[in-house]
Amino acid sequence: MSLAVVNETTVTTFVEDRKAFENCVEECFEMLDVDGDRVLSRSELREGFCKIMSLGHGSREEEKIDPLFNTIFNRFDEDRNGSIDPQEFRCLIRELMFAMGRGFGNSPVLVVLEIDSLLMKAVEHEFGRI
């Protein structure tokens, strides 16, 4: 875990840098795709999603997070095959990152981030590390 200051610009600049963003999203996808079949099952997404999105580890009770994953699959599983492919994952992460950026607004916010999280990648991007 690491402490970082982020705001909307931190996130949007990272997402809008297509090459850097897509490379990081691909790394995250590969990390979550435990069986290597190039799609994410619900269980694969559930296992790693909190870490890559810096959502914390305290509330992993199924009854609390199942509605989130149902919404994700209803919204982003475009071909309705029960899994998330790399393109669907990229769309999901892009939308979530922009939403988080809007949530931060333009005021700096001090946050604790997982080292491998996409928000940490946005901070590293801002400082020219990726």
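Me: Which residues does UniProt list for "domain: EF-hand"?

Reply: The unreviewed UniProt entry lists residues 20-55 and 64-99 under that name; such annotations may be inferred rather than shown by experiment, and their positions are given in the numbering used here. This is a predicted model, in which local features need pLDDT of at least 70 and side-chain atom pairs count only at pLDDT 80 or more, while totals for chains, interfaces and linings use all residues. Residues are numbered from 1 along each chain as its sequence is written, and side-chain values use heavy atoms, with hydrogens and water left out.

Me: How many helices and strands does the chain have, and in what order do they run?

Reply: Helices (H or I, at least four residues) and strands (E, at least two) are DSSP runs, numbered from the N terminus. The chain has six helices and two strands, and from the N terminus on they follow the order β-α-α-α-α-α-β-α.

Me: What is the radius of gyration of the chain?

Reply: This radius is taken over C-alpha atoms, and the globule rule is 2.2 Å times the number of residues to the power 0.38. For 130 residues a compact globule would have a value near 14 Å, and the chain agrees because its own radius is 14 Å. Along its principal axes, the C-alpha trace spans about 40 × 30 × 25 Å.

Me: What percentage of the residues count as buried?

Reply: Buried means under 20% relative accessible area, exposed over 50%, and partly exposed in between, with a 1.4 Å probe and protein chains only. Of the 130 residues of the chain, 43% count as buried.
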